[in-house]
Amino acid sequence: MLLNYIEGLNSKVMRRNSEKISDTPVNLSELKCSEFHGYSVTERHVSSNGLSFFVRDYGRTSDPAVLLVMGLACQLTVWPPDLIKELLGHGYRVICFDNRDVGLSSKINGQLRVNTIKAFACHRVGFPVRTNYNLYDMAKDVHGLIENLELKQVHLVGVSMGGMVAQIVAACYPQRVASLTAIMTSTNSPLLPLPDIGLIIRLSGAGSGGHDLDSVKRRVIAFWKAVQSPAYPKPIDEIEFMIERDYQRNYCPGGIIRQTQAILSTRAITSLIRRIGVPTQVIHGDADPLIKLSGGRAVADAIPDARLAILSGMGHDLPDPLLPQIADLIHRNAIQT
């Protein structure tokens, strides 16, 4: 399904343990400084949980920190600049990073070979799955980043898979989280509905194989069109720019597979997140075909006193017209602390 779609039909390259195509060498000790709409920006690698993470840090270090956790297969570059700008305008320091196995962060040498289709079947029936890592390991990554960036607390914002990771962080490391915003995510319960059947059909066989830029563009454009907000479609030239940018920055198909497997091996987090005690805002689109609205409702139902904002016409993306509203929801949740 999603695995086959990301891989393409010719998947041998992606099944290698630590295969990566296209990598940009970075001096791990180098601190790069620049500017973004009048705010300072620094880029560097930060160690956490035995790995190295590429971190981009916007704004004043004296301001309260918002830490953004991205979803499956996505690099930090996918965070919309206008969302970051809005949060900076609300008076926050904004920090984002590449998750393990994507972008310029560490790639995992997957010693354990996993059949993803079998892992998906086990997940759906509630059987345990062994994988190279799971979302609890990724939550440890985030906790380590918070510590090594010397942040007392953060306002945590996660989308999709990153929303699940953020929920685990808030539940397991409550002393480090001031507030939680979970966007287009779920409790990872196998009882929740699957994606729309049309999307599943696309994911199971659409697109041709190959890992050249043109092949990747065909697959990702078709996927993006299937999941984006129907009320706010992104122009095709913007989608192509995004794909080309991220392909050149780093294309690691094996990492995408391992992240997918991490989700499948984590199982439901419903019981865990009932212990979350920080202000929590759940944001979900009513037109999300990938993680249905029932996923967001499940999160809001499980976390005590969580609020659910349902955004009309929003799919499984962060459309530009809704960014001011999303930033405002993050801010209103954060100031309750």
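The protein chain contains twelve helices and eleven strands. The coordinates come from a predicted model, and every value below is computed from it.

**Chain-level picture**

Of the 337 residues in the protein chain, 58% count as buried. The accessible surface of the protein chain comes to about 13,900 Å², and carbon and sulfur atoms contribute 52% of that area.

Nine strands form an open sheet with mixed pairing, in the order E2-E3-E4-E6-E5-E7-E8-E10-E11. Strands E2 and E11 stand at the edges and have a single partner strand each, so one side of each is left without a neighbour in the sheet. From one strand to the next, the twist averages 25°. Helix H12 packs on this sheet, where it touches E7, E8, E10 and E11. The direction of H12 makes about 150° with that of E8.

The elements involved in this packing have the following residue ranges.

| Element | Residues |
|---|---|
| Helix H12 | residues 323-334 |
| Strand E7 | residues 154-159 |
| Strand E8 | residues 177-183 |
| Strand E10 | residues 280-285 |
| Strand E11 | residues 307-311 |

**One strand pair within the sheet**

In general, strands of a sheet pair through backbone hydrogen bonds, either parallel or antiparallel. Strand E4 (residues 51-58) and strand E6 (residues 93-97) run antiparallel and are joined by four bridges. Val55 has Phe97 of E6 as its bridge partner.

Notes. Residues numbered from 1 in each chain as written. Predicted model: local features only at pLDDT ≥ 70, side-chain atom pairs only at ≥ 80, totals over all residues. Heavy atoms only, no water. Helix = DSSP H or I, 4+ residues; strand = E, 2+ residues; numbered from the N terminus. Buried < 20%, exposed > 50% of the residue type's maximum accessible area, 1.4 Å probe, protein only. Areas by Shrake-Rupley, 256 points an atom, 1.4 Å probe, with all protein chains shown as cover. Pairing = 2+ DSSP bridges. Axes fitted to C-alpha atoms, helices over the stretch in contact; angles between N-to-C directions. Contact = heavy atoms within 4.5 Å.
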